[in-house]
Amino acid sequence: MELRHLRYFVAVADEQNFTRAAERLHISQPPLSRQIQDLEEELGTPLFERGSRPLKLTEAGRFFYGQATRLLEQAAQAQRATRRIARMERRLVIGFVASTMYGALPRLVRLFRAARPQTELSLVEMSTLDQTEALKAGRVDVGFGRLKLDDPAIKREVLRMERLVVAIPMEHELAIPDMPLLLAALAHRDILVYPKSPRPSYADQVLSLFRDQGLEPGTVHEVQEIQTALGLVAAGMGVCVVPTGVSRLRPDEVVYRPLSDEQAVSPIVMSTRAQDQNEDIVLLRSLIDQIYREQAEARRRVEAAAWAAVSAQAAEAGDAGQDATGP
């Protein structure tokens, strides 16, 4: 069995017709039919239901189709990687969902550029679902998204769980800045979710939060972009559950309140091709650890300063009380 047998088989399965498959492969139909027959003889089972219109796969054919497409993808990936190494090409393409751009991603890009100025770095906005296909096709090298999709060709790592907040119109009764809020307070209220497509997406994560608690939102408005969702929030069309990093947007028109529910989090997921040990990807991962360490240290300093301020106020209050009562 050779790769061409797999390519021929997949073409016939995709086209559901020998004539169209032959045209797609730029060969005549008789040799194509013979190659498929040779493949079936080698496997010892029919792969197509002869006589069906359009041509249909047998049960064994459907199983073999999944295996064949995976093998062809792996062969294509190996070919692209080998060509890149042969050219000594230094290029890293990152796919990302929009909400990650409001978190650590910009700093990550700056650190990487400083560490590897010889590597051309490109960023492409795309959904987590599209990142999976782009990784397998070699169009991107790393993906940052919010879904933990299962695919044997892709390695996924949850970098952290980001807390969620609610974007609320400025004049809304719930618009109390920075005050924690339970998701139950949003029951029966109009909400905006994004993206509208492709699905599954972050929108399904938000809707699952409601379902898991037996809560029913009011009208659900689906939009494509996070910026559109926040614009509609500012216009009073509803509320929107977003990752914490997004709370920098529209600060003069939207109030953000953190959700206190324990499960109100969204994962930040890094995706790469399985077994890809590209040194640029290794560096990228180490820089992520550096950023998270710096953020943790900054939080500790803020908390320590806040605690010191509270302690100082308590001490001053105690001193004032002693002065008032006298010896």
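Which charged end sits over the ring of Tyr-292? That of Arg-160, 4.4 Å from the ring centre. The rule here: NZ of Lys or CZ of Arg within 6 Å of the ring centre and within 35 degrees of the ring normal.

Some ground rules. This is a predicted model, where local features need pLDDT of at least 70 and side-chain atom pairs need pLDDT 80 or more, while totals for chains, interfaces and linings use all residues. Residues are numbered from 1 along each chain as its sequence is written, and side-chain values use heavy atoms, with hydrogens and water left out.

Next, the aromatics. Rings of Phe, Tyr and Trp (its six-membered ring) pair if their centres lie within 6.5 Å; planes under 30 degrees apart are stacked, over 60 edge-to-face, the rest tilted. The structure holds 5 such pairs. Take Phe-9 and Phe-48: tilted, 5.5 Å centre to centre, 55° between the planes. Phe-9 is in helix H1 (residues 3-15) and Phe-48 in strand E1 (residues 48-49), 39 residues apart. Helices (H or I, at least four residues) and strands (E, at least two) are DSSP runs, numbered from the N terminus.

Why is the pair of Phe-9 and Tyr-65 edge-to-face? Because the planes stand at 65°, with the centres 6.4 Å apart. Tyr-65 lies in helix H4 (residues 59-87), so this pair ties together parts 56 residues apart in sequence. Buried means under 20% relative accessible area, exposed over 50%, partly exposed in between (1.4 Å probe, protein chains only). Phe-9 is buried at 0%. Tyr-65 is partly exposed at 26%. Phe-9, Phe-18, Phe-48, Phe-64 and Tyr-65 form one aromatic cluster.

On to strand E11, residues 265-273. Of its 9 residues, 8 are buried. Two strands pair if DSSP finds at least two bridges between them. Strand E6 (residues 154-169) runs antiparallel to E11, joined by 9 bridges. There, Met-161 has Pro-267 as its bridge partner. Strand E5 (residues 142-145) also pairs with E11 in the antiparallel sense, over 4 bridges. Gly-145 stands opposite Val-269.

Last, salt bridges: a side-chain nitrogen of Lys or Arg within 4 Å of a carboxyl oxygen of Asp or Glu. The count is 21. Arg-285 and Glu-157 meet at 2.6 Å, N to O. Arg-285 lies in helix H9 (residues 279-325) and Glu-157 in strand E6, so the pair ties together parts 128 residues apart in sequence. Arg-285 is partly exposed at 21%, and Glu-157 is partly exposed at 28%.

Arg-273 bridges to Asp-276 at 3.6 Å. Arg-273 is buried at 10%; Asp-276 is buried at 19%. Shared partners join Asp-14, Glu-15, Arg-20 and Arg-24 into one salt-bridge network.
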